[in-house]
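Subject: Structure handover and notes

Hello,

Please find the structure below. My notes on it follow.

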Amino acid sequence: MVVIGYGAVRKQDLTGAVVSLKADDMTTGAAVTSAASMLQGRAAGVEVSANDGEPGQGMNILIRGTTSISNSNQPLYVVDGFPLAAGVSISPEDIESIDILKDASASAIYGSRGSSGVVLITTKKGKTGKTEISLDGYTGLQSITGTVDYLDWKDNARIVNEQYAQGPNDGQPWYNAADLALNNNTNWIDATTRDAKINNFTLRASGGDNLSHFSMSANYFLQEGLFLNSQFERTSVRLNTDRKFGEKTKVGMNIYVSRISSDALDKRPGSRTTSPLYASLGASPGRAAYNADGTLASTSFSRDTRPFVNPIGHFTERTNDYSEWRTYSNIFVDHNILDNLVARVNAGFDNTSGNSAEFQPAPYSILSTDDYALISENKSTSYLIEGTLNYSMDISDKQSFSVLAGASTQYDQFTSFRADGSVFPTDKTLYNNIGSAKNQTIGSFKSDERIISFFGRANYNFGEKYLISATLRADGASKFGKNNKWGSFPSVSAAWRITEEDFLSASNVISDLKARVSYGVTGNNNFSPYTSLERVGTGKTITFDGNSSSVGLGTSGEFAPNPDLKWETTKMLNFGLDFGLFSNKLFGSLEIYSSNTEDLIIDKPISSPSTGFSIIRSNVGTIHNKGVELTLGGRVVNSSSFKWSVSANFSTNDNEITELDGENPIVLAIARQPYGEIGEHAYRQLITGGRMGDFFGYTYRGVLQPGETYTPQPNTVAAGSALYEDINEDGIIDNKDRSVIGNANPDFIWGFNNHLEFKGFYFDLFWQGIVGNDVFNFKAIAADQTLSVRAADRYSPSNPKGTRPGVDYFANEYGSYVNTEFIEDGSYVRLKNIALGYNFNLDQLKWISNLHLYIQGQNLLTITDYTGFDPESSFNYSGSQSSVNRGVDDYGFPNYKTYTAGLKVTF
């Protein structure tokens, strides 16, 4: 059976594009940390990437491309029938199956929340039979996936002195003889990273009889970070139970409770220069890590204007504690009103409470000079109640139909509080006495939203050959403009099981063949509430009588109200073909789809200041996505002693911005200062005919040679200056010479798995990769000046053939660091998982039913031309982590190589 929204169907009866994965398909021997990580490379059309390698960080899932500019492109997660407003937090060992609704006909049953796809997670339930107790655990080590080659102290110092001699200065080198005599050569990446532990243990008991079933589990997960003083710890318990009352009624309950604690690293938006990784990658190898007595060193150079802050202290001397409690639970009642009419009531809640507490002593403070402390608390609560009626009937021997009707309402509330301070009389109290700080600020926030829905679905089956399904959902949401509170989301799909026809029923080659077509409409309402309303703020000047004024609460003067704001709408057409050959020894599916997402939401500047507002959140345009997905599987060998099965998937997605409100480009993202006094520059913008994920910047063409002039840059006189291409050929380099210089979206993604069994042994080899995506290697802008091996290719009088600038380093008046030199090919092939295990034959033991041991490795090999740590990493200190910032490696933490050994025993 395949789980779909508000029900389940046989796989052969599916009419939409749905991927169904069982736990064993995703986790055999793998140290997966989240539900999202289980999916990477496993499903066609589902792109999964790690935004950041910091322990406990979530994964980014993109189903069939980007469909929104400002809103989240993350799918809706539904766990055991409960849509989780705050994302999914679940132990992977609790998961029985994951079903992904990819096309609009399948996800339209979730209406205004379905345009980015829906991930349905079913957790493990008890089964009728003997009670089983199992213990599953693994332990291992993790190490950094890639390396960045850095110069040693001697070469670094030489390049710095050459660079300084080329620019305006007092004629003296940066490093004098005393500096050069220092006998240090510190690799700061090695000094601030470690081999990190990972442990995971799950204890489970399950069973049941003819009346009741239960499954309960307890999980403990610990993952140290690669960087010092960082780790993530999760403890969780789950109880799933159901019981029959009489012949017609069944009552069930699912409860999940988890506690998370972590030692996080400071990656505050806009604070790149105070981040630990920035400090680690930017420190000179000529400075020592430790003194002879083991204390942190603070090596000084002759031209230092302030004390050196040891990068190790950024990790070890600061405190950044986070703790979170989460509980979600639902209870359902099924009642057979008639033999073929079932009523269900499902009610539940999801409550998350997180607390952050930071203390940064003066040398490592975001304020640079003063102690800094912060405490904050965030709470989110969601309540759901829904009811459905499901009626099914056989009209005749060949015809059957079923009808689903339902209604639901969900209420979400979010509250937050924070207090911070600086300049403390003592650092002994850490963050526990902010009231003693000389400078203090406090803030609080609250929001709530509600969605009310009515939905229905009808299925018709004629002769097991012809299948038709239609759905309709109407959603009313509080967060939209008063003129567009309600939206309707219909879909229709049909399938033809060709192998049931007489002309194919006796075929020895084609064992299964089904053609599908579907069309549906879904929405995206995943953004903050109140954005359609006029906002208020503090510190506003208010006039009460026309003469006098006071400062208080008033109109913010920034966001204009928009009573017409509505959800983004995706309309998708999908063609599918499911097939099986040679008694299903080879099987697969092919999907071809095309979608248009209309009424894209963005914060648009207001051209006329006379309105009193500067921004309005509005619906501005359309994105078109189209793609092809291919899934293949096969049993190469299937004998009693040896089995070999393979599976593969391949998918493409192309997108285009087909319409915008107005002709002017819309700037989406601006990179913060990469270092020093270098200014900020835009690198993403929307233009009609462009693509989501485009990088927009200058084309680098080399360096100015001695005696050479370059007409489009008349003021460029120093040899070694950066030169840029005159794209529009108007004889001058300016903003008009920026163009599309790359795109973060891949041309295609793929996964390939081999599974072999020989007697008690099994072996898994899983490869995964993406091709054709570009990465903005932002951290190279600083590192390549003087520290990385690429710095050795800088132009200088002693290196006249250098291809990289030697004077202004991509920061002159004609261009910027947003240029082709820092846009790199992010394609990679990765050995995602390799596992070897053994299942013991325990037929002679009555008290143990299963025992298996395994060893495994993840991310052990990555083949890529990318020069950063990891082409998969995507993090941006601009302050926004939305889809427009994907493909930016802005001092994000790299991913891990993982080596583990595990044991699973069932009693």
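V628 is found in strand β30, residues 621–638. Helices (H or I, at least four residues) and strands (E, at least two) are DSSP runs, numbered from the N terminus. This is a predicted model, in which local features need pLDDT of at least 70 and side-chain atom pairs count only at pLDDT 80 or more, while totals for chains, interfaces and linings use all residues. Residues are numbered from 1 along each chain as its sequence is written, and side-chain values use heavy atoms, with hydrogens and water left out.

Surface patch

V628 has a relative accessibility of 33% and therefore counts as partly exposed. The terms are these: buried means under 20% relative accessible area, exposed over 50%, and partly exposed in between (1.4 Å probe, protein chains only). V628 belongs to a nonpolar surface patch of about 630 Å², together with I468, V492, V517, Y519, L573, F575 and I592. Patches are made of residues with over 30% relative accessible area and no salt bridge; like charges are joined within 9 Å, and nonpolar side chains (Val, Leu, Ile, Met, Phe, Trp, Tyr) within 5 Å. Accessible areas come from the Shrake-Rupley method with a 1.4 Å probe, and for residues only the protein chains shown count as cover. Strands β22 (510–524) and β26 (568–581) each supply at least two residues of the patch.

Salt bridges

The structure holds 35 salt bridges, each defined as a side-chain nitrogen of Lys or Arg within 4 Å of a carboxyl oxygen of Asp or Glu. One of them joins E629 and K102, at 2.6 Å from N to O. E629 lies in strand β30 and K102 in the loop between β8 (95–101) and α2 (104–107), so this pair ties together parts that are 527 residues apart in sequence. E629 and K102 are both buried.

A second salt bridge, between E872 and R830, has its closest N and O atoms 2.6 Å apart. This pair also links distant parts of the chain: E872 is in the loop between β43 (850–864) and β44 (896–906), R830 is in strand β42 (residues 828–839), and they are 42 residues apart. Both E872 and R830 are buried.

D420 and R418 meet in a salt bridge of 3.0 Å, N to O. Here D420 is buried, at 10% relative accessibility, whereas R418 is partly exposed, at 37%. There is also a network of salt bridges that links R10, D13, E464, R497 and E500.

Eight of the eight residues of helix α9 (residues 779–786) are buried, so the helix is largely enclosed by the rest of the structure. The cover over these residues includes α3 (153–166), α6 (276–282) and β40 (774–776). K779 is one of the buried residues of α9, and its side chain makes a polar contact of 2.5 Å with the side chain of D889. A polar contact is a pair of N or O atoms within 3.5 Å; within protein, one must be able to donate a hydrogen and the other to accept it, and residues adjacent in sequence count only if both atoms are side-chain atoms.

D889 lies in the loop between β43 and β44 and is buried, at 0% relative accessibility. Leaving aside neighbours within four places in sequence, D889 is in contact (heavy atoms within 4.5 Å) with residues including V775, F776, N777, F778 and Y866.

Strands and sheets

Five of the five residues of strand β4 (residues 46–50) are buried, so β4 is largely enclosed by the rest of the structure. V46, V48 and A50 point one way from β4, and E47 and S49 the other way. Strands β4 and β5 (residues 59–63) run antiparallel and are joined by five bridges; two strands pair if DSSP finds at least two bridges between them. The bridge partner of V46 in β5 is I63.

Elsewhere, an open sheet of five strands has the order β3-β8-β9-β6-β7, with mixed pairing. Strands β3 (18–22) and β7 (82–83) stand at its edges with a single partner strand each, so one side of each has no neighbour in the sheet. Within the sheet, β6 (residues 76–79) and β9 (residues 118–123) pair in the parallel sense over four bridges, and V78 stands opposite L120 in β9.

T139

T139 is in strand β10, residues 129–144, and is partly exposed, with a relative accessible area of 40%. The side chains of T139 and N199 are joined by a polar contact of 2.4 Å.

Regards
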